[in-house]
Every structure is written in structure tokens, then in C-alpha cells.
Amino acid sequence: MALRSSGILLIALAAVGTPLQANLLIRPTWDTSITGNVNSAAIMGTINTAISWYETTFADPITVDIAFVAGTSSLGSTSFSLYLLTYQDFYNALLADATSPDDVTALTRLAVDGTGVNNPITGSSQVFIKAPNARALGFATSGGSDATITFNAALTTPGSPGSAGTYNLLPVIFHEIDEALGLGSTLGLNVQGSPSPEDFFRFDSSGGRSFTASSSATSHFSIDGATLLAQFNQTGSGDYGDWASTATKRVQDAFATPGSNATPGVEIRALDVIGYDLATPEPGTLFLLATGLAGLALRRSLLN
């Protein structure tokens, strides 16, 4: 069964904001479809386990408000708002936010395409971004709930009494939280001409950019355009920002695998390079950042 996401489009300008606390905080609200469920304690406990995982993985000083609903349609879906940033503001925010070796590698690849007014994917001057991702990069958003995650408790473990128990709830929630935080593509949405942050890391097998909904294309997630870390889904029946379902089971697979216990892996690298900060940098990160960003700043001055 496909994990589906639906976008609610909100176009707004983001301005520089102020950090709220010293680490990522995900604040859930519970629909009565969950609180009134006989198995509510187990369901909420599983969701809180996923939330705690992200709160200990990322150090961004932001609060993310997510509403959780037990629905009856697709296995999992996320509704969200999109904001518009200029490409220059987006690139400059990524540069200022770089905290890991992957960030430096990603920025170096972006610099190859130039750092001018227009983005290197579609040539527009804009980028669509989700509210939590924008705040992680230091921009202010309008407030309110950031996303609504809906899952089918009739299919999950834990789930409603009598659930088929086909799918483990934890990886479903991981998948949807990833999308609430910022993963996903504008391909397939009713948006024309502007990419999302993850779209900057879509490449074909030869290292060229691959921003297309064609089912005959093969697109990969890559930080540098050379090392292909996961293959994107290219079928219209699944999200274009998800991974193609392969023998390697991942949280962000477009089509869930019964019984899978996948936990975030490459998805964390994806969230890192679109603007989130890892809570525990790898040894030597500070030295690599100092040398990498110095070289990047020099290269950018030569390009501009």
C-alpha cells in the first residue's frame, strides 16, 4: 500500500526569526480518533517513540506542531503548507546553517551550478519550502499547526482492535514525520516552476540533474551528484519525493512493506542537507567545516 502525502498550498514570504529553545521539539496534538481508541495508549506511545527519536537526532531550536489522526483511507498521509523563498535567500541560509561534512559537500555541489538569482533546477528565482524546514533555516512562519499526519489504524500494529496488523506503525510515523519536517518533491503537486529543498539533490546516474515526473527516468538522491544514496520513486501512484521500493527496505519507500521495521537512515542525511542540524556531529566535523566553508566562500566570491 502506498504512503501518500497531500499538500495544502500556502504562499507567504518568510522573514528572519528567533530561535525558541535549544533543541528540536515536536509538539503533538491528538484527534479523538486516537484518544477515543481502545488502544490509544499503545498508539500514542509508538508515535511518541518516533517523536523522541527526532528530538534526540536534531538540535535545531524550533518547535514543530503536528496533529495526528487515525483515518481509514491510505496507510499514511501528510497534509502541509508551503512557503516561498527566493533561491538566493535559501542558498544563503544553507550556507550560514552548515554544520556537517554533508552540508559542505552539498553546498559545494550547488556552487558548481552557480549561486545567482535563479535556482539551477528550473531556472525560477523561487523555492517552495515547508514551515518547519524554513524555521530550521532561520526564517519566521505564520504559526499554527505545521502538518496533519493521518494513518490507517485498521492496518497497523499497534492499531485499532481487530486491525489486520499488516504494517508496523512506527516506520509509518517515521515516514510521515520526515515529510512534515521537509522531505518531499514539488513534482506531482499543483505547483509549477519551483522546486522543494530535497529536489536540489535529484540526479541521474551520470550526475546530471533529474527533475522530471517521467516514468522512464531514473532519479537518485545524492548529496554530490556522484554517490547515489537512494533511488527516487518515478511512478505517479506514489510520491516523487519518496524512494523507489527495492530489496533494501527504507522508511521513505513509496510503497510500504508488510512487517517492515525500518528506521531512518539515509533520510537523516537528506534532512541534514536541506537545513536540519545533527545533535551529535561526527568527530572532526568542526575542522572539516572550517576548511570546507572557507573554500566554499572563496569559490562563491569567484562565481559572483
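I searched the whole structure and got 11 aromatic pairs. I counted rings of Phe, Tyr and Trp (its six-membered ring) as paired if their centres lie within 6.5 Å; planes under 30 degrees apart are stacked, over 60 edge-to-face, the rest tilted.

I looked up tryptophan 53 with tyrosine 54: this pair is edge-to-face, 5.4 Å centre to centre, with 70° between the planes. Tryptophan 53 is partly exposed at 27% relative accessibility. Tyrosine 54 is buried, at 0% relative accessible area. My cut-offs: buried is under 20% relative accessible area, exposed over 50%, partly exposed in between (1.4 Å probe, protein chains only).

The model is predicted: local features need pLDDT of at least 70, side-chain atom pairs count only at pLDDT 80 or more, and totals for chains, interfaces and linings use all residues. Residues are numbered from 1 along each chain as its sequence is written, and side-chain values use heavy atoms, with hydrogens and water left out.

Next I checked tyrosine 87 and phenylalanine 200, which are stacked at 5.6 Å centre to centre and 15° between the planes. Tyrosine 87 is in helix α3 (residues 87–97) and phenylalanine 200 in the loop between α6 (169–181) and β12 (202–203), so the pair ties together parts 113 residues apart in sequence. Helices (H or I, at least four residues) and strands (E, at least two) are DSSP runs, numbered from the N terminus. Both tyrosine 87 and phenylalanine 200 are buried. One aromatic cluster holds Tyr87, Phe90, Tyr91 and Phe200.

Last, charges over rings. I required NZ of Lys or CZ of Arg within 6 Å of the ring centre and within 35 degrees of the ring normal. Lysine 130 lies over the face of phenylalanine 80, 4.1 Å from the ring centre. Arginine 202 lies over the face of phenylalanine 232, at 4.2 Å.
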